[in-house]
Amino acid sequence: MSHQTPVQLPRGRPRSFDTEAAVERAMGVFWSRGYHATALPDLLRATKLSRGSLYAAFGDKHSLFLRALDRYVANALTRMDTELDPRREPVDGLQAYLAGYVDRTSGANGRRGCLLVATAMELAGHDAEVDRRIGSFFKAMEARVAGALSRAKAAGKLADGVEPSSAARILVCFVEGLRVVGKTAPTRITSQATVDALLDRFIR
């Protein structure tokens, strides 16, 4: 009598959607509406997922929000790593870094604002996971800017008396404040003039 090997059936139906694309679309909703004003139906429409699929993939609204915030932070850090690449001339890198903020704080881009700043205003102090992510991002940004300023100092490009770590902290506070002011949709000329005025204080 022959024995047949039992067929191994899959334990669950494989996901038929792009998880990262769903996170990207959810990020757009949270960015536009804020965390508390975003309802589950908003996320279901944006991601084109059923309630069951969304919960199976991400757990709940808060978990999906943290995934979206992580994606936003990762994109920002990747952009900064390109702008402040140690292989490029440090002053050029700092100018590129600030030029990005001019783009993001002028006109319609400025009106949209910054997901990170909006999240800090809405949830910081009330959500430990959000606090940790925002604090880590600001430290990472400050470290990258301080590195560029240190390289500028080594090249003799910093103004007398400018200390890289303190200047980096000032620049981080400045650009995040610029994102808030950007909600009033300043012109590119205004944003650029503001950026130039500050950088001139630091660079020879």
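**Exercise 1. Decide whether Arg-133 is buried or exposed, and find what touches it.**

Step 1. Arg-133 has a relative accessibility of 15%, so Arg-133 counts as buried. The cut-offs for relative accessible area are: buried under 20%, exposed over 50%, partly exposed in between (1.4 Å probe, protein chains only).

Step 2. Arg-133 is in helix H8. Helices (H or I, at least four residues) are DSSP runs, numbered from the N terminus.

Step 3. List the contacts, meaning heavy atoms within 4.5 Å. Neighbours within four places in sequence aside, Arg-133 is in contact with Leu-66, Leu-69 and Asp-70.

A note on the model: it is predicted, local features need pLDDT of at least 70, side-chain atom pairs count only at pLDDT 80 or more, and totals for chains, interfaces and linings use all residues. Residues are numbered from 1 along each chain as its sequence is written, and side-chain values use heavy atoms, with hydrogens and water left out.

**Exercise 2. Describe how H5 packs with H8.**

Step 1. Two packed helices are described by the angle between their axes and the distance between the axes. Axes are lines fitted to C-alpha atoms, for helices over the stretch in contact, and angles run from 0 to 180 degrees between N-to-C directions.

Step 2. For H5 (residues 90-105) and H8, the angle is about 145 degrees and the axes are 8 Å apart.

Step 3. Name the contact residues. H5 brings Pro-90, Val-91, Leu-94, Tyr-97 and Tyr-101. H8 brings Met-141, Val-145, Ala-148, Leu-149, Arg-151 and Ala-152.

Step 4. Sort them by class: ten nonpolar, no polar and one charged. Here Ala, Val, Leu, Ile, Met, Phe, Trp, Tyr, Cys and Pro count as nonpolar, Asp, Glu, Lys and Arg as charged, and the others, Gly among them, as polar.

Step 5. Look at the core. The largest nonpolar core has 63 residues, and Tyr-97, Met-141 and Val-145 touch the most other members. Such a core is a set of buried Ala, Val, Leu, Ile, Met, Phe, Trp, Tyr and Cys residues joined through side-chain atoms within 4.5 Å.

**Exercise 3. Describe how H2 meets H3.**

Step 1. The axes of H2 (residues 40-47) and H3 (residues 51-58) come within 10 Å and cross at roughly 90 degrees.

Step 2. H2 and H3 are therefore roughly perpendicular to each other. The cut-offs are under 35 degrees for roughly parallel, over 145 for roughly antiparallel, 65 to 115 for roughly perpendicular, and oblique for the rest.

Step 3. Leu-40, Leu-43, Leu-44 and Thr-47 of H2 meet Arg-51, Leu-54 and Tyr-55 of H3. The classes are five nonpolar, one polar and one charged.

**Exercise 4. Locate Lys-157 and list its contacts.**

Step 1. Lys-157 is in the loop between H8 and H9.

Step 2. Its relative accessibility is 32%, so Lys-157 counts as partly exposed.

Step 3. Not counting residues up to four places away in sequence, Lys-157 touches Glu-89, Val-91, Ala-152, Phe-202, Ile-203 and Arg-204.

Methods: Helices (H or I, at least four residues) and strands (E, at least two) are DSSP runs, numbered from the N terminus.
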